[in-house]
Amino acid sequence: MSYIKTDGVKMSRNLLMMTISSLLTASSFNTLAAVEQSSEEEIEQIQITGSRILRTDLESAKPVTVITKADIQATGLNDIASVLSQSIFNSAGSTVAHANNSSGNFSASNLRGLGSNRTLTLVNGRRVAGSSSSYGNSVNVNLIPLEVVERIDILRDGASSIYGSDAMGGVINIITKKDYEGIQVSVNASKATQGGADQTGGSLTYGTSNDKSSILVVLEHQKNGSLLGGDRPHLDAEHNPKRWSNSYSPWGTYYINGDYYGDDTSSPLCPEENVTQTSYGEGCGYDVMDGKFYLPEIDKTSAFISFNYDISDDLEFYNTILYTRDETFTSSTPMWAEGTMSADNINNPTRTTSDPQSIHFMHYMEGSVPREFSFDTSLFDVNTGINWMSDEGTLSINLSHSKDSFVQESNYYYFTDKFQTAVDEGLYNPLAPAGGEMATEAVLDSFRHTQHRIGSSISKGINIDWAGIAPFELTGGEIGYAIGGEYRKLTLSDQQDAMSNSGSVKGAYGGDTVGERNYKAAYVELELPFTETLTISAATRYDQYSLPDQGQLSSSLSARYEATEDLILRASYSEGFRVADINEAVGEESVGFQHFVDPKYCNPVPVEERADSPFCRDVNEAVRTFSNPNLKPELSEQISAGLALNITDDISLTLDYWAMEITNQITSIGAKTILDEEYLGNLGNYDGLYVNRDLNEQDWRQEIQEIGSTTTNYLGLETSGIDLSVTTKFDLDNLGSFKIGLEGSYILEYKFQETSVDPVYDYVGYYNRPEFRASLNTNYYYDNFQAFANFRHVDSFMGETPEDEVEGTQWLDFPSMTTLNVGVGYTFEDLGQIQLISSNVLDKMPPVNTDLRHGYSYQIHSIMGRTVQLIYSQNF
């Protein structure tokens, strides 16, 4: 048996090849050849995601999945958000930019289904400013250009003892390119065969180096077209009745004030085809999202510069600069309106009858008050530092400045009182499209409001690390250690115009958040080789935050045991935490609108009668949310155990079990939960929660005046699962080489309580919690030709929640879905490389789910259908 020994660390050559193969589980195109070549050369010490200690072995005690540049190309996708959304470890789906989203172009990952604010996203192992349009609680991966990415590491374990707050569900570490020699020009074009959402883009890469320095410059531009309502059956009311608004429409619907239990009447102007019979009477409906943006229109430009200079043989200076500007445009439903018309109002349909009545109207302001949003977002990230290398270790000093900022303009919202005045004076008719003939531009401008919102999230920090070898050894070899400290200042500003904050603008959401905080951290990590086959790693970190004023200690312990030359056993225990973000702690009170059913009136109705009962009618009311400066950190404990097995020289396997418990969960309690707690008589158990009702209001639909919510530490959750990875590679001699990679993630449980008196339910297999996700990647290489076929599978899941099931409520289920991506590529001797990729080549679509307004689960599935992408690149 031959061994590789570097700096006193000995390992078998077969085991090294097995660990490399296990780590690079899904590589495509030329990656395999590069790994094989590097294995024949001297193995140098590297730093892997999840540790600050330099090491030579790649299979650590904690599980890490690597998405290579070739893997990214094989997806046929052009942004990191979409690539990460396909990861099997996003068990409950990802946050991807879509219409009717106040964060506009915000996208983030969601490891283990725990939420994007519990997934830490790093660039080159360092923090980036959180998204300013999402209160800085997670990084907007939409702003990191795909062309600069060398690989993406996914640490599937808690890592607060290494990186601090937010690393509860895991860590996504985006590693950028560092070295390149020459010039590369690349262009791409992508088209969906069902239409909509065309994409085009291009990049320019330039790199040069000498004995002392290197520089890399990457420029990228990407343009994504929109997908509109009606472009897919899921988004078309003809196929999905949920897209149809039964009562709100441009022509409007009304009922007689005092007729509190139904008998809606459509507007006299309502077209016959729009008259809709409901359990509440006769409404005037329409396809409210037809022609509106579903996926936004995006225009994004990025620049990346990396510079390295060797001051001496032992001292290196580096600097990276990343700038991205993203311009996004989208639209949503027009503004909605409801109010009263007096009996003698000129536009009241009952005025000319024998019995004029005051009426209550419902109206969509199509053509008069549309809602169109433009977002101008930018990310400016600078890192500079030095690395000093000596025989005793490496000193790293890093200074960082990162700023995420945005400007948003929304056209339009409206002033409630001024709109009602226009109705009262007969200048705006809510029972006529766009308000009727009297609704001139001057009338509309008298109550319309353009909302402006600006924000920034700034992170400034310094990290000092020392990673070295202790002056004494254990039986298994040298002791590796890392010690360091971090100081970071975080500033958040999210402000809208004064009128939107006044409470007089209908539809304006949120409130201002202006605040700052800092934290100081110290950490230490040890790697103890007790024997040649057993290594124990331990880490601990203490973070002290100024806001909220609290500290948190997090520790981890892991073991790696080389049972045989072909088998590694590993296990770990880690503690994690998430501190409240600035908005949760000190944000001003905000007002938003939420849809809910009032349990005070609906719950007494027998379950089988609720679908047709007016008492179970959906209500849309204001919810006022308050921050909480006394929030405690969320805490987590996670264990994992697994193995890495070299079955043969060409087949390797990794298998890991993991389990996590979160306590003190920080959450903003929604209107439904607050009303449920009120119905159960439990509101007094929580500070800041209230329901204001006007008990003198005879119309039960108008009884709720306002709901008060706050951010609080509320209950917790438990989740566990199993991850599997198998890779094989075959040398076909003169016929090329072949590689297969299989990954699967199985969720065993996901348990939490909806309210404090509810049972603890397991949500696995219920709505948006598929039990199993898997991918199968096959790659073939022959000289300058490459081909691949990648299968992605998402298990079926129910349309109900466990609470729905107990109550006897049934919704449509979601069947399993498997998609296939295929691609070919050829590198010409002098004419560059061309790649043709078809994502979802079989044009597999989720069935239209008529219980959902989107017609499908947008967190889990995609309705893009088949897309064809052509990529051409040329090196000079």
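This briefing describes selected helices, a cavity, individual residues and backbone features of one structure. The model is predicted: local features require pLDDT of at least 70, side-chain atom pairs count only at pLDDT 80 or more, and totals for chains, interfaces and linings use all residues. Residues are numbered from 1 along each chain as its sequence is written, and side-chain values use heavy atoms, with hydrogens and water left out. Helices (H or I, at least four residues) and strands (E, at least two) are DSSP runs numbered from the N terminus.

- Helix α6 spans residues 416-424, and its buried residues are Phe419, Ala422 and Val423; buried means under 20% relative accessible area, exposed over 50%, and partly exposed in between, with a 1.4 Å probe and protein chains only.
- Seen down the axis of α6, these buried residues fall within an arc of 100°, so they line one face of the helix; the arc is that of the directions from the helix axis to the C-beta atoms.
- An α-helix has 3.6 residues a turn, so residues three or four places apart point the same way.
- The cover over the buried residues of α6 includes β21 (336-341), β22 (359-364), β24 (393-415) and α7 (441-447), where contact means heavy atoms within 4.5 Å.
- In helix α11 (residues 671-679), the buried residues are Ala671, Thr673, Ile674, Leu675, Asp676 and Glu677.
- Those residues of α11 pack against β32 (590-596), α10 (599-602), β33 (619-626), β37 (690-693) and β38 (704-713).

- At least two lining residues come from each of β4 (119-123), β25 (448-474), β26 (477-496) and β28 (513-529), and β26 gives the largest share, four residues.
- By class, the lining of this cavity has 12 nonpolar, 12 polar and six charged residues; Ala, Val, Leu, Ile, Met, Phe, Trp, Tyr, Cys and Pro count as nonpolar, Asp, Glu, Lys and Arg as charged, and the others, Gly among them, as polar.

**Buried residues in loops**

- Serine 165 lies in the loop between α5 (160-163) and β7 (170-176) and is buried, with a relative accessible area of 2%.
- The side chains of serine 165 and aspartate 166 are joined by a polar contact of 2.9 Å; such a contact is a pair of N or O atoms within 3.5 Å, where within protein one must be able to donate a hydrogen and the other to accept it, and residues adjacent in sequence count only if both atoms are side-chain atoms.
- Beyond residues up to four places away in sequence, serine 165 touches Leu120, Arg127, Tyr545, Phe577, Arg578 and Val579.
- Aspartate 581 is located in the loop between β31 (567-578) and α9 (582-586) and is buried at 7% relative accessible area.
- A polar atom of the aspartate 581 side chain lies 2.7 Å from the backbone nitrogen of glutamate 584.
- Apart from its neighbours within four places in sequence, aspartate 581 contacts Tyr135, Asn137 and Arg517.

**A partly exposed strand residue**

- Threonine 540 belongs to strand β29 (residues 534-546) and is partly exposed, with a relative accessible area of 25%.
- Its side chain makes a polar contact of 2.8 Å with the side chain of serine 555.

**Backbone features**

- Most residues other than glycine have a negative phi, and most peptide bonds are trans.
- A cis peptide bond, with omega about 10°, joins asparagine 411 and tyrosine 412; tyrosine 412 lies in strand β24.
- The peptide bond from leucine 547 to proline 548 is also cis, with omega near -15°.
- Asparagine 124 has a positive phi of about 55° although it is not a glycine, and it counts as buried at 19% relative accessibility.
- Asparagine 768 has a positive phi near 60° and counts as buried at 9% relative accessibility.
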